[in-house]
Amino acid sequence: MLVAQDLHIGYGSCEVARTVGDFAFAKANLTAIIGGNGMGKSTFLRALAYGNHKISGNVILDNKLRQNYSDVEWSRKVAVVITQREFSHHLTVKELLELSRIPYSNFMAKISEVDNEIIQKISTDFQISTLLDRRLHSLSDGQLQRVLIARALVQDTDFILMDEPTSHLDLNFKIDLLHQLKEVCLTNKKGIIFCTHELEMALHLANELVTIHKGSIVKHTRQELLSSNLLNKMFPSSKLNFDENGVSYKW
Ligand SMILES: Nc1ncnc2c1ncn2[C@@H]1O[C@H](COP(=O)(O)OP(=O)(O)OP(=O)(O)O)[C@@H](O)[C@H]1O
(Lines give C-alpha, C1' and ligand atoms only; values in the text may rest on other atoms or scores of the structure.)
Protein backbone atom coordinates (compact mmCIF):
# COMPACT_ATOMS: atom_id res chain seq x y z
CA MET A 1 0.00 0.00 0.00
CA LEU A 2 1.19 3.48 -0.86
CA VAL A 3 -0.45 5.95 1.49
CA ALA A 4 -0.73 9.72 1.30
CA GLN A 5 -1.33 10.81 4.87
CA ASP A 6 -2.61 14.34 5.41
CA LEU A 7 -0.31 15.49 2.62
CA HIS A 8 0.06 19.21 1.97
CA ILE A 9 2.05 19.99 -1.16
CA GLY A 10 3.49 23.18 -2.55
CA TYR A 11 6.56 25.33 -3.02
CA GLY A 12 8.27 26.92 -0.04
CA SER A 13 5.43 27.86 2.28
CA CYS A 14 2.98 28.36 -0.61
CA GLU A 15 0.49 25.50 -0.55
CA VAL A 16 -0.79 24.21 -3.90
CA ALA A 17 -3.13 21.48 -2.61
CA ARG A 18 -3.81 19.07 0.23
CA THR A 19 -5.26 15.58 0.46
CA VAL A 20 -8.79 15.38 1.83
CA GLY A 21 -8.55 12.49 4.27
CA ASP A 22 -5.78 9.91 4.11
CA PHE A 23 -5.83 7.66 1.15
CA ALA A 24 -4.16 4.49 0.05
CA PHE A 25 -3.17 3.28 -3.40
CA ALA A 26 -3.31 -0.48 -3.68
CA LYS A 27 -1.49 -2.84 -6.02
CA ALA A 28 -3.46 -4.08 -9.03
CA ASN A 29 -5.15 -0.69 -9.42
CA LEU A 30 -4.89 1.77 -12.27
CA THR A 31 -5.34 5.26 -10.82
CA ALA A 32 -5.59 8.43 -12.91
CA ILE A 33 -4.82 11.83 -11.42
CA ILE A 34 -6.88 14.47 -13.18
CA GLY A 35 -7.36 18.19 -12.76
CA GLY A 36 -7.19 21.44 -14.68
CA ASN A 37 -3.93 23.10 -15.68
CA GLY A 38 -1.81 24.24 -12.76
CA MET A 39 -3.95 22.49 -10.11
CA GLY A 40 -1.02 20.42 -8.84
CA LYS A 41 -1.04 17.02 -10.60
CA SER A 42 2.70 16.93 -11.28
CA THR A 43 3.49 18.38 -7.86
CA PHE A 44 1.42 15.65 -6.18
CA LEU A 45 3.04 12.92 -8.28
CA ARG A 46 6.52 14.19 -7.38
CA ALA A 47 5.57 14.34 -3.72
CA LEU A 48 4.58 10.67 -3.87
CA ALA A 49 7.56 9.66 -5.96
CA TYR A 50 10.40 11.60 -4.39
CA GLY A 51 9.00 13.19 -1.26
CA ASN A 52 9.59 16.57 -2.99
CA HIS A 53 7.30 19.59 -2.60
CA LYS A 54 5.84 18.19 0.59
CA ILE A 55 4.97 20.93 3.07
CA SER A 56 3.62 18.55 5.68
CA GLY A 57 2.15 15.09 6.06
CA ASN A 58 3.59 11.74 5.10
CA VAL A 59 4.10 9.36 2.23
CA ILE A 60 4.08 5.80 3.60
CA LEU A 61 4.83 2.63 1.67
CA ASP A 62 4.13 -0.76 3.22
CA ASN A 63 3.93 0.81 6.70
CA LYS A 64 7.29 2.58 6.38
CA LEU A 65 7.81 6.32 5.91
CA ARG A 66 9.22 7.41 2.54
CA GLN A 67 12.16 9.15 4.23
CA ASN A 68 13.19 5.92 5.96
CA TYR A 69 13.83 4.12 2.67
CA SER A 70 17.30 4.12 1.13
CA ASP A 71 17.42 5.08 -2.56
CA VAL A 72 18.04 1.46 -3.57
CA GLU A 73 15.20 0.13 -1.42
CA TRP A 74 12.83 2.75 -2.85
CA SER A 75 13.86 2.02 -6.43
CA ARG A 76 12.97 -1.65 -5.91
CA LYS A 77 9.47 -0.58 -4.89
CA VAL A 78 8.62 2.48 -6.97
CA ALA A 79 9.49 3.41 -10.57
CA VAL A 80 8.87 6.89 -11.91
CA VAL A 81 8.22 7.94 -15.50
CA ILE A 82 8.75 11.62 -16.12
CA THR A 83 9.36 12.59 -19.73
CA GLN A 84 12.24 14.90 -19.09
CA ARG A 85 15.41 14.25 -21.01
CA GLU A 86 17.45 14.26 -17.81
CA PHE A 87 19.75 11.30 -18.62
CA SER A 88 22.85 11.06 -20.77
CA HIS A 89 21.83 11.39 -24.41
CA HIS A 90 24.71 9.16 -25.46
CA LEU A 91 23.21 6.11 -23.80
CA THR A 92 21.53 3.58 -26.03
CA VAL A 93 18.01 2.38 -25.25
CA LYS A 94 19.40 -1.02 -24.21
CA GLU A 95 21.89 0.61 -21.84
CA LEU A 96 19.10 2.68 -20.26
CA LEU A 97 17.03 -0.46 -19.72
CA GLU A 98 20.03 -2.27 -18.24
CA LEU A 99 20.59 0.58 -15.80
CA SER A 100 17.10 0.08 -14.43
CA ARG A 101 18.11 -3.46 -13.34
CA ILE A 102 20.85 -2.05 -11.10
CA PRO A 103 18.70 -2.15 -7.94
CA TYR A 104 18.73 -5.95 -8.34
CA SER A 105 22.31 -6.50 -9.51
CA ASN A 106 25.34 -7.55 -7.49
CA PHE A 107 28.06 -5.15 -6.37
CA MET A 108 29.75 -5.39 -9.80
CA ALA A 109 26.48 -4.20 -11.43
CA LYS A 110 26.68 -7.07 -13.92
CA ILE A 111 23.58 -7.76 -16.00
CA SER A 112 22.40 -11.36 -15.63
CA GLU A 113 20.67 -13.70 -18.05
CA VAL A 114 17.41 -13.10 -16.18
CA ASP A 115 17.85 -9.32 -16.57
CA ASN A 116 18.35 -9.80 -20.30
CA GLU A 117 15.26 -11.96 -20.61
CA ILE A 118 13.17 -9.33 -18.80
CA ILE A 119 14.54 -6.59 -21.08
CA GLN A 120 13.84 -8.62 -24.23
CA LYS A 121 10.31 -9.52 -23.17
CA ILE A 122 9.28 -6.00 -22.22
CA SER A 123 10.93 -4.55 -25.34
CA THR A 124 8.81 -6.89 -27.45
CA ASP A 125 5.61 -6.20 -25.47
CA PHE A 126 6.11 -2.43 -25.75
CA GLN A 127 7.23 -2.49 -29.38
CA ILE A 128 10.66 -1.00 -28.82
CA SER A 129 12.81 -3.96 -29.90
CA THR A 130 13.89 -2.15 -33.05
CA LEU A 131 15.03 0.82 -30.96
CA LEU A 132 17.36 -1.03 -28.59
CA ASP A 133 20.59 0.06 -30.30
CA ARG A 134 19.47 3.63 -30.90
CA ARG A 135 20.94 6.45 -28.82
CA LEU A 136 18.42 8.30 -26.69
CA HIS A 137 19.09 11.67 -28.33
CA SER A 138 18.00 10.24 -31.70
CA LEU A 139 14.51 9.22 -30.52
CA SER A 140 11.31 11.13 -31.21
CA ASP A 141 9.32 12.27 -28.17
CA GLY A 142 6.79 9.46 -28.69
CA GLN A 143 9.50 6.80 -29.04
CA LEU A 144 11.23 8.12 -25.93
CA GLN A 145 7.96 7.98 -24.02
CA ARG A 146 7.49 4.29 -24.86
CA VAL A 147 11.10 3.58 -23.90
CA LEU A 148 10.68 5.30 -20.52
CA ILE A 149 7.53 3.30 -19.78
CA ALA A 150 9.35 0.10 -20.74
CA ARG A 151 12.21 1.14 -18.45
CA ALA A 152 9.79 1.46 -15.52
CA LEU A 153 8.47 -2.05 -16.17
CA VAL A 154 11.98 -3.47 -16.48
CA GLN A 155 12.65 -1.97 -13.05
CA ASP A 156 9.96 -4.38 -11.80
CA THR A 157 8.52 -2.45 -8.88
CA ASP A 158 5.25 -2.71 -6.98
CA PHE A 159 4.23 0.82 -7.99
CA ILE A 160 4.78 2.88 -11.13
CA LEU A 161 4.14 6.62 -11.03
CA MET A 162 3.85 8.39 -14.37
CA ASP A 163 3.46 12.01 -15.36
CA GLU A 164 1.38 12.22 -18.55
CA PRO A 165 2.66 8.93 -19.99
CA THR A 166 0.74 9.28 -23.25
CA SER A 167 1.15 12.98 -24.03
CA HIS A 168 3.36 12.49 -27.10
CA LEU A 169 1.73 9.37 -28.47
CA ASP A 170 -0.54 8.92 -31.48
CA LEU A 171 -4.15 8.09 -30.64
CA ASN A 172 -3.72 4.37 -31.43
CA PHE A 173 -0.58 4.14 -29.28
CA LYS A 174 -2.29 6.07 -26.47
CA ILE A 175 -5.24 3.73 -26.27
CA ASP A 176 -3.16 0.58 -26.76
CA LEU A 177 -0.67 1.68 -24.14
CA LEU A 178 -3.29 2.46 -21.51
CA HIS A 179 -4.96 -0.91 -22.12
CA GLN A 180 -1.57 -2.60 -21.88
CA LEU A 181 -0.80 -0.80 -18.62
CA LYS A 182 -4.13 -1.86 -17.20
CA GLU A 183 -3.36 -5.45 -18.11
CA VAL A 184 0.11 -5.23 -16.54
CA CYS A 185 -1.51 -3.76 -13.47
CA LEU A 186 -3.99 -6.60 -13.07
CA THR A 187 -1.85 -9.57 -14.11
CA ASN A 188 1.37 -8.49 -12.39
CA LYS A 189 -0.40 -6.86 -9.40
CA LYS A 190 1.27 -3.50 -9.83
CA GLY A 191 -0.18 -0.22 -8.70
CA ILE A 192 -0.01 2.29 -11.55
CA ILE A 193 -0.73 5.94 -10.83
CA PHE A 194 -0.61 8.42 -13.68
CA CYS A 195 -1.38 12.10 -14.27
CA THR A 196 -3.26 12.73 -17.45
CA HIS A 197 -5.22 15.20 -19.52
CA GLU A 198 -6.84 12.32 -21.41
CA LEU A 199 -10.10 12.49 -19.49
CA GLU A 200 -12.12 10.16 -21.65
CA MET A 201 -9.55 7.39 -21.53
CA ALA A 202 -8.98 7.90 -17.83
CA LEU A 203 -12.69 7.63 -17.12
CA HIS A 204 -12.98 4.45 -19.16
CA LEU A 205 -9.88 2.64 -18.04
CA ALA A 206 -8.89 3.74 -14.56
CA ASN A 207 -10.70 2.04 -11.71
CA GLU A 208 -9.76 4.84 -9.31
CA LEU A 209 -9.42 8.54 -9.93
CA VAL A 210 -7.81 11.30 -7.95
CA THR A 211 -9.13 14.76 -8.64
CA ILE A 212 -7.22 17.91 -7.81
CA HIS A 213 -9.40 20.97 -7.80
CA LYS A 214 -9.13 24.27 -5.97
CA GLY A 215 -6.55 22.95 -3.55
CA SER A 216 -8.31 19.69 -2.65
CA ILE A 217 -6.92 16.30 -3.61
CA VAL A 218 -9.69 13.70 -3.44
CA LYS A 219 -9.71 10.02 -4.30
CA HIS A 220 -12.84 8.47 -5.84
CA THR A 221 -13.93 5.26 -7.46
CA ARG A 222 -14.96 5.74 -11.09
CA GLN A 223 -18.65 5.42 -10.19
CA GLU A 224 -18.46 7.86 -7.30
CA LEU A 225 -16.85 10.46 -9.51
CA LEU A 226 -19.22 10.01 -12.44
CA SER A 227 -22.29 10.19 -10.26
CA SER A 228 -21.12 13.44 -8.66
CA ASN A 229 -21.21 16.75 -10.52
CA LEU A 230 -17.57 17.46 -9.77
CA LEU A 231 -16.21 16.99 -13.30
CA ASN A 232 -18.60 19.65 -14.65
CA LYS A 233 -17.23 22.04 -12.02
CA MET A 234 -13.63 21.12 -12.74
CA PHE A 235 -13.89 21.46 -16.52
CA PRO A 236 -16.67 24.01 -17.12
CA SER A 237 -17.57 24.47 -20.78
CA SER A 238 -20.87 24.89 -22.65
CA LYS A 239 -19.53 22.33 -25.16
CA LEU A 240 -18.86 19.60 -22.60
CA ASN A 241 -21.02 17.56 -20.28
CA PHE A 242 -20.11 14.89 -17.78
CA ASP A 243 -22.65 12.42 -16.46
CA GLU A 244 -22.73 8.84 -15.23
CA ASN A 245 -21.83 7.64 -18.75
CA GLY A 246 -18.71 9.74 -18.98
CA VAL A 247 -18.11 12.78 -21.17
CA SER A 248 -20.14 14.01 -24.13
CA TYR A 249 -19.37 16.86 -26.51
CA LYS A 250 -21.58 19.40 -28.26
CA TRP A 251 -19.62 19.99 -31.45
N1 LIG B 1 9.13 25.21 -9.20
C2 LIG B 1 8.01 25.84 -8.87
N3 LIG B 1 8.00 26.87 -8.03
C4 LIG B 1 6.86 27.52 -7.67
N5 LIG B 1 5.65 27.16 -8.13
C6 LIG B 1 5.59 26.13 -8.98
C7 LIG B 1 6.74 25.40 -9.40
N8 LIG B 1 6.36 24.42 -10.26
C9 LIG B 1 5.02 24.52 -10.35
N10 LIG B 1 4.56 25.56 -9.61
C11 LIG B 1 3.16 25.99 -9.45
O12 LIG B 1 2.44 24.97 -8.75
C13 LIG B 1 1.13 24.84 -9.27
C14 LIG B 1 0.90 23.38 -9.65
O15 LIG B 1 1.75 23.05 -10.75
P16 LIG B 1 1.74 21.61 -11.39
O17 LIG B 1 2.78 21.59 -12.46
O18 LIG B 1 1.83 20.61 -10.32
O19 LIG B 1 0.28 21.57 -12.03
P20 LIG B 1 -0.37 20.54 -13.05
O21 LIG B 1 -1.73 20.25 -12.55
O22 LIG B 1 0.54 19.38 -13.27
O23 LIG B 1 -0.45 21.46 -14.34
P24 LIG B 1 -0.54 21.13 -15.91
O25 LIG B 1 -1.83 20.39 -16.14
O26 LIG B 1 -0.59 22.50 -16.50
O27 LIG B 1 0.68 20.35 -16.29
C28 LIG B 1 1.02 25.81 -10.43
O29 LIG B 1 0.37 26.97 -9.98
C30 LIG B 1 2.44 26.10 -10.80
O31 LIG B 1 2.58 27.40 -11.34
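Guide: We begin with a definition: helices (H or I, at least four residues) and strands (E, at least two) are DSSP runs, numbered from the N terminus. This is a predicted model, in which local features need pLDDT of at least 70, side-chain atom pairs count only at pLDDT 80 or more, and totals for chains, interfaces and linings use all residues. Residues are numbered from 1 along each chain as its sequence is written.

Visitor: Where does H197 lie?

Guide: H197 is in the loop between β9 (191–195) and α7 (199–205). The C-alpha atoms of H197 and H168 are 12 Å apart, although 29 residues separate the two along the chain.

Visitor: Is H197 partly exposed or buried?

Guide: A residue is buried if 20 or more other C-beta atoms lie within 10 Å of its own, exposed if 12 or fewer, and partly exposed in between, with C-beta atoms placed from the backbone. H197 is partly exposed because 14 other C-beta atoms lie within 10 Å.

Visitor: What is the phi of N63?

Guide: Phi of N63 is near 65 degrees, a positive value in a residue other than glycine. N63 is in the loop between β5 (54–61) and β6 (64–65), and N63 counts as exposed because it has 7 C-beta neighbours inside 10 Å.

Visitor: And what is the phi of K189?

Guide: Phi of K189 is near 55 degrees, again positive in a residue other than glycine. K189 lies in the loop between α6 (171–187) and β9, and K189 is exposed, with 12 other C-beta atoms within 10 Å.
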